[in-house]
Amino acid sequence: MNLRIMDKGELKKFVQNLLAHYRVEGVVKNNGAYLYDTIDSPEQLCMDFDCTRYPPKKYFLPPRETLFHFSTSPELEVSPVFESPPQVIFGIHPYDLKAIAILDKVFSKDPPDPHYLKRREASFLIGVDPKRISPHSFWADMGAASVNEGFDLMFTDLEDSYAVEIGSASGETLISTYARTQPATGDEKSKRVTLRTNLYSKSLINGLDFPSYEIPKLLEHSKESPIWRENANKCLSCGACNFVCPTCYCFDVQDEMDLDLKQGTRYRKWDGCLLKDFAKVGSGENFRESRTARYRHRFYRKGLYQLDTLQDFACVGCGRCASACLADIADPVRVFKKLKQEYREGGK
Ligand code: SF4
Ligand code: SF4
């Protein structure tokens, strides 16, 4: 592992140098919320936050994105649109890096998605280990407390300095060109390990009370659990739990014709399985008409259905769904614990 040390005072200069060459996106504090936004000065960049309201997936899968323009006259012509400005995304927690790795897997599968992939290729990812934990986070349970890959640089706050792990050749270039660092000593390496271990333990406090590998089995046995209907009765079908989720990637594709009916635009926009019309098809049939079916589907998708595709859960334990849900029913920890309780009471 290539671990460097950056003095605290050097961070501003590093960011300033990046700003001179790239668009820099980072975490900013706005009205009490942590958000990813474009920064234009190092002072705006926040390195100590518990969890951002929205994940960084918008940089690779924007909420609305033009795929191509087309004209139908005199003959059909299609002009693809690719927008992939070089960008540095600064301050991504390990669970969000893991979520980006999940999206990479999904959008690289046959057929690969060039719109997503071009944005990814043009992006430098700079991670940062959290110092604080959101009350709804349970990322240690989901194997997302720390990551060993999927970043160009990874910062850990060691109090008077930052440890910076170099994760790629691009990261090496960024740090050697734009920052002054020195190799980490043995003490600094040990301090980083201790900080990460403490954080891992703290993240378990609000988490599950059983190992996460039991989740698929629990779900297999819980299709008829009363919890789905009880919670779904309070669901507003607002889709907030989908939109804030770093691993939700469903989208809808639509065409917009100009008034002359000779040209138009095809675009895609985020969609969510909690929205009423998500599973509605052309004939008018809706395969998940009831709120219960939609609500239950999200948990099965996170904990069971995608295991074959991802070889992992489709949940990294960020807790954003729990924070965003006005009806207070989206928290995976509460739902999975309740299922576990029902399972135990059933004598299993
Ligand atoms: S399901 Fe909830 S906790 Fe899991 S990754 Fe999505 S938003 Fe985060
Ligand atoms: S955020 Fe809550 S209320 Fe809204 S769709 Fe999700 S579960 Fe239902």
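**Figure 1. Residue classes in the lining of the largest pocket of the predicted model.** The lining is made up of 10 nonpolar, 6 polar and 3 charged residues. The volume of the largest pocket is about 350 Å³. Among the 19 lining residues, Cys51, Thr52, Arg53, Ser323 and Ala324 are the closest to the centre of this pocket.

**Figure 2. Elements and domains around the largest pocket.** At least two lining residues come from each of strand E3 (33–38), helix H8 (240–243) and helix H11 (320–324). H11 supplies the largest share of the lining, with 3 residues. The largest pocket lies between domain 1 (2–205) and domain 2 (212–345), because both domains give residues to its lining.

**Figure 3. The second largest pocket, with a volume of about 200 Å³.** Its lining consists of Asp129, Pro130, Lys131, Thr156, Asp157, Glu159, Leu195, Arg196, Asn198, Leu199 and Lys202. Strand E8 (153–157) and helix H5 (186–205) are the elements that give two or more residues to this lining. The largest share, 5 residues, is from H5. Sorted by class, the lining of the second largest pocket has 6 charged, 3 nonpolar and 2 polar residues.

Figure 4. With neighbours within four places in sequence left aside, histidine 297 is in contact with Cys273, Arg288 and Tyr305.

**Figure 5. The shell of residues around ligand 1.** By class, the residues around ligand 1 comprise 7 nonpolar, 2 polar and 2 charged.

Notes
Residues numbered from 1 in each chain as written. Chains lettered and ligands numbered in written order. Predicted model: local features only at pLDDT ≥ 70, side-chain atom pairs only at ≥ 80, totals over all residues. Heavy atoms only, no water. 1 Å grid on protein atoms, 1.4 Å probe; cavity = no way out; pocket = protein on both sides within 12 Å on 5 of 7 lines; lining within 4 Å. Points joined across faces, edges and corners; volume = space filled by probe spheres on them. Helix = DSSP H or I, 4+ residues; strand = E, 2+ residues; numbered from the N terminus. Nonpolar A, V, L, I, M, F, W, Y, C, P; charged D, E, K, R; others polar. Domains from an automatic or database assignment. Contact = heavy atoms within 4.5 Å. Near = heavy atom within 4 Å.
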